[in-house]
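Hello,

Here is the structure I promised to pass on. Please open it first, then read my notes beside it.

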Amino acid sequence: MSSVEVSTHDEHSAAPFQTEEFRHSRPTIVGPENPESPFPIRLAGPVQKGFGRGGKDLGCPTANLPDDSTEEMTAVARTGVYYGYAQVIPPQDKVAEFGKEELAVLPMVMSMGFNPFYDNKKLTAEIHIMHSFQRDFYGYEMRAIVLGYIRPELNYTSREALIDDIDTDKRVALRCLERPGYQKYATDDHFKLE
């Protein structure tokens, strides 16, 4: 992937619509055997409330990172869907409320863009950790390592088509992260491992 600076201003080009041809031609694994520049990209920040659409509308709850914690990513990457690892780090007095797996470093997919289906005017970075959490973690620290690019940001003619692509994104991310060159990042020093 070549580095392309992303404009965070109101002026952004309209995303193309997803087509049946694109949907049927999606690969099951993307990227090289090891992350290549600009990856890995390390992100961290407190989880912020978003629009609440991920979990309610799409069955894919996401955690939003604040703008200042994603500047490194937006400076070198284009809008689209990415994969990597993430970890929620609750305050010490809340750790007991989380299961052991909820505190682990887990696979994630991340959408960085303007969510054209919802016509957002502001760039957002939304991370979906592939685990079913039993509680919200707004305000808690989240750390992530972005390791690769899955696909460009697209618009959709239906919510069902968007959900279908999100499900494919998750499967692709898991396949990509099975490779040894990516697995090692689950134990990166960026994460707080107990």
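**Aromatic rings**

Start with two residues, phenylalanine 98 and tyrosine 140: both are buried. Keep in mind that this is a predicted model.

A search of the whole structure gives 5 aromatic pairs.

Now look at tyrosine 149. The charged end of arginine 78 sits over the ring of tyrosine 149, 4.1 Å from the centre of that ring. Tyrosine 149 also belongs to an aromatic cluster with Phe39 and Tyr82.

An open sheet holds 6 strands in the order 1-6-3-4-5-2, and the pairing is antiparallel. Which strands stand at the edges? They are strand 1 and strand 2 (63-64). Each has a single partner strand, so one side of each has no neighbour in the sheet.

Strand 4 and strand 5 run antiparallel and are joined by 6 bridges. For a landmark, find serine 111, which stands opposite glutamate 126 in strand 5.

**The cores**

In soluble globular proteins, nonpolar side chains tend to be buried together. Here, the largest nonpolar core has 28 residues. Met73, Tyr82, Met110, Ile127 and Val146 have the most contacts inside this core. Strand 1, strand 3, strand 4, strand 5 and strand 6 each give two or more residues to it.

Valine 146 is worth a click. Neighbours within four places in sequence aside, valine 146 is in contact with Phe39, Pro40, Ile41, Leu43, Met73, Tyr82, Tyr83, Met108 and Met110.

**A loop with cis bonds**

Go to the loop between helix 1 (20-24) and strand 1 (41-46), where proline 38 is found. The peptide bond from serine 37 to proline 38 is cis, with omega near 15°. Proline 40 has its place in the loop between helix 1 and strand 1 too. A cis peptide bond joins phenylalanine 39 to proline 40, and its omega is about 0°.

Asparagine 34 is also placed in the loop between helix 1 and strand 1. Is asparagine 34 buried or partly exposed? Its relative accessibility is 42%, so asparagine 34 counts as partly exposed. Leaving out residues up to four places away in sequence, asparagine 34 touches Gly181 and Tyr182. Along the chain, asparagine 34 and tyrosine 182 are 148 residues apart, yet their C-alpha atoms are separated by 6.3 Å.

**A buried aspartate**

Last stop: aspartate 169, in helix 4 (residues 159-177). Aspartate 169 counts as buried because its relative accessibility is 3%, and the cut-off for buried is under 20%. A polar contact of 2.8 Å joins its side chain to that of arginine 151. Residues up to four places away in sequence aside, aspartate 169 touches Arg26, Val81, Val109, Ile150 and Arg151.

Best wishes

Conventions:
Residues are numbered from 1 along each chain as its sequence is written. This is a predicted model: local features need pLDDT of at least 70, side-chain atom pairs count only at pLDDT 80 or more; totals for chains, interfaces and linings use all residues. Side-chain values use heavy atoms; hydrogens and water are left out. Helices (H or I, at least four residues) and strands (E, at least two) are DSSP runs, numbered from the N terminus. Buried means under 20% relative accessible area, exposed over 50%, partly exposed in between (1.4 Å probe, protein chains only). A polar contact is a pair of N or O atoms within 3.5 Å; within protein, one must be able to donate a hydrogen and the other to accept it, and residues adjacent in sequence count only if both atoms are side-chain atoms. Contact means heavy atoms within 4.5 Å. Rings of Phe, Tyr and Trp (its six-membered ring) pair if their centres lie within 6.5 Å; planes under 30 degrees apart count as stacked, over 60 as edge-to-face and the rest as tilted. A charge sits over a ring if NZ of Lys or CZ of Arg is within 6 Å of the ring centre and within 35 degrees of the ring normal. A nonpolar core is a set of buried Ala, Val, Leu, Ile, Met, Phe, Trp, Tyr and Cys residues joined through side-chain atoms within 4.5 Å. Two strands pair if DSSP finds at least two bridges between them.
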